[in-house]
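Hi everyone, thanks for making time.

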Amino acid sequence: MWSLVYHAGETHQRVLVDAYAEYSAENALSPTAFPSVARMESEVVQMLLPLVGDVQRQGGGTMTSGGTETAILSLKAHRDLAREQGRVRRGHVIMSVATHPAFHKAAQLLDLEVTTVPVGPDYTAEASSLQSSVRPETILMVASAPCYPYGAIDPISDLGALALEHDIGLHVDACLGGFFLGIRRHSYDDVPPFGLDVPGVTSIGVDLHKFGYGPKGTGAILYSSRELRRRQYFAHTGWAGGTLASPSLLGTRSAGAIAAAWAGLHHLGMSGYKDIFDGIIETRDRLMDGMASLGFKALGNPMTPVFAATHADRDVHYVADRMEEDGWRMDRQQSPDALHFIVQPRHASVLEEFLQDLEQASESAPPPGASEAKGLIYGQTSLVDRASHRSLESALLDYIDENYG
Ligand SMILES: *Cc1c(COP(=O)(O)O)cnc(C)c1O
């Protein structure tokens, strides 16, 4: 499979599971009842801050349950600060078509308006189109480092300058790339600026449960200022049960997840991550070369383990169907039709076999556009049946009904 699982080997997995088990009963909601949990969370944040450009550790942050909670918290913090300052009544957010839909979910929950701009020829969000969407109600822009669909890194420095010019926030979604870019920039000089060291960036999200190789249910949000971070908190004083002070979205928070993420960071260490990422890039290059020799073309200029590929003369969704018959789980995309890959350490040993099967599957494939348009679900290979529905959206809601609970 080419998504969903981030696995750094059996020994590492054991470390995560053992740490998780040891703290599975504790509750990270209370830092005073479980000081060791609070300390681990704080140490994770302290380890991440310099990784995302805050070497002086001036901002701060919290752990979250992952990228979606991070998106909600960032939008809430920016919204509440802008409203408190009397700058907006409701609030408006600008993002690109490649921005993760978690930000649409967040905007919907927080009743913020959204403008979505197209990406440019290199699949990044262009400062000029973001700029033309800025209005008095705008509270922030969301940029990606990289975005999920294309693996493209938005021009964070340009967008930071734009944010400063208009006095709005800039959240960098580095859920996918934060670890990779943060670790690699210490050894290689081709990593573009993406973090809190870029003037204008006000917050950044990094998932531990992706390339941080933590357990599922772990992410982090880091801020450029404590003033902004404070706006993500919630406090309530009037309850019969006492007062409630909650740093993030959830009430009860998984201490097991925090402990396992903390243990995982220590287990790999910075050099462990670097070795993993060096290996992944070698595998990715072999994969991209092998695919290029079969006529596939990567979109844009992927700089991380994430990329999408099209084919000029073959229907790639048909190719994916054939590959699935051979037991490969394939990720498909739209706009344009493409296959999607997130390369992991495990892929090194199956690469040759994958390329052989891909060659066979491609040989028999018809030209692009031959297979009928289907609803593609992110993170799913299954395709929803649109024919019997009013809209693709209602087909997706039925899909949820059928697959959960
Ligand atoms: C995975 C991902 C998210 C959403 O994170 P979840 O942990 O799945 O909620 C947001 N942005 C990017 C770029 C991602 O890859």
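Before the first residue, one cut-off: when I say polar contact, I'm talking about a pair of N or O atoms within 3.5 Å, and within protein one of them must be able to donate a hydrogen and the other to accept it. Also, keep in mind that this is a predicted model.

Okay, histidine 92. You'll find histidine 92 in strand β2, which covers residues 92-96. Is histidine 92 buried or exposed? Its relative accessible area is 0%, so histidine 92 is buried. Its side chain has a partner, though: a polar contact of 2.8 Å links it to the side chain of threonine 138. If we skip neighbours within four places in sequence, histidine 92 is in contact with several residues, including Glu113, Val114, Ser133, Arg135 and Leu140.

Now compare that with leucine 244, over in strand β9, residues 244-246. Leucine 244 has a relative accessible area of 32%, so we call it partly exposed. Leaving out residues up to four places away in sequence, leucine 244 touches Phe234, Ala235 and His236. And here's a pair to look up on screen: leucine 244 and leucine 29 are 215 residues apart in sequence, yet 9.7 Å apart in space, C-alpha to C-alpha.

On to the helices. Two packed helices are described by the angle between their axes and the distance between the axes. Take α3, residues 67-84, and α4, residues 102-109: their axes come within 8 Å and cross at roughly 45 degrees. That angle is why α3 counts as oblique to α4. The crossing is right-handed. On the α3 side we have Thr68, Ala71, Ile72 and Leu75, and they meet α4 residues, among them Phe103, Lys105 and Leu109. By class, the residues of this contact are 8 nonpolar, 1 polar and 1 charged.

Next, α2, residues 35-51, with α9, residues 255-293: here the axes come within 9 Å, crossing at roughly 45 degrees. So α2 is oblique to α9. The crossing of α2 past α9 is left-handed. Contact residues include Met40, Val44 and Met47 from α2, and Ile258, Trp262 and Leu265 from α9.

Most residues other than glycine have a negative phi, and most peptide bonds are trans. Which peptide bonds here are cis? One runs from alanine 145 to proline 146, with omega near -10 degrees, and another from serine 335 to proline 336, with omega near -5 degrees. Proline 146 sits in the loop between β4 and α6, and proline 336 in the loop between β12 and β13.

As for phi, aspartate 111 has a positive value of about 55 degrees, in the loop between α4 and β3. Tyrosine 123 has a positive phi as well, near 70 degrees, in the loop between β3 and α5. Aspartate 111 is partly exposed at 42% relative accessibility, whereas tyrosine 123 is buried at 19%.

How values were computed. Residues are numbered from 1 along each chain as its sequence is written. This is a predicted model: local features need pLDDT of at least 70, side-chain atom pairs count only at pLDDT 80 or more; totals for chains, interfaces and linings use all residues. Side-chain values use heavy atoms; hydrogens and water are left out. Helices (H or I, at least four residues) and strands (E, at least two) are DSSP runs, numbered from the N terminus. Buried means under 20% relative accessible area, exposed over 50%, partly exposed in between (1.4 Å probe, protein chains only). Contact means heavy atoms within 4.5 Å. Axes are lines fitted to C-alpha atoms, for helices over the stretch in contact, and angles run from 0 to 180 degrees between N-to-C directions. Angles under 35 degrees count as roughly parallel, over 145 as roughly antiparallel, 65 to 115 as roughly perpendicular and the rest as oblique. A crossing is left-handed if the near helix is turned anticlockwise from the far one by less than a right angle, and right-handed if clockwise. Ala, Val, Leu, Ile, Met, Phe, Trp, Tyr, Cys and Pro count as nonpolar, Asp, Glu, Lys and Arg as charged, and the others, Gly among them, as polar.
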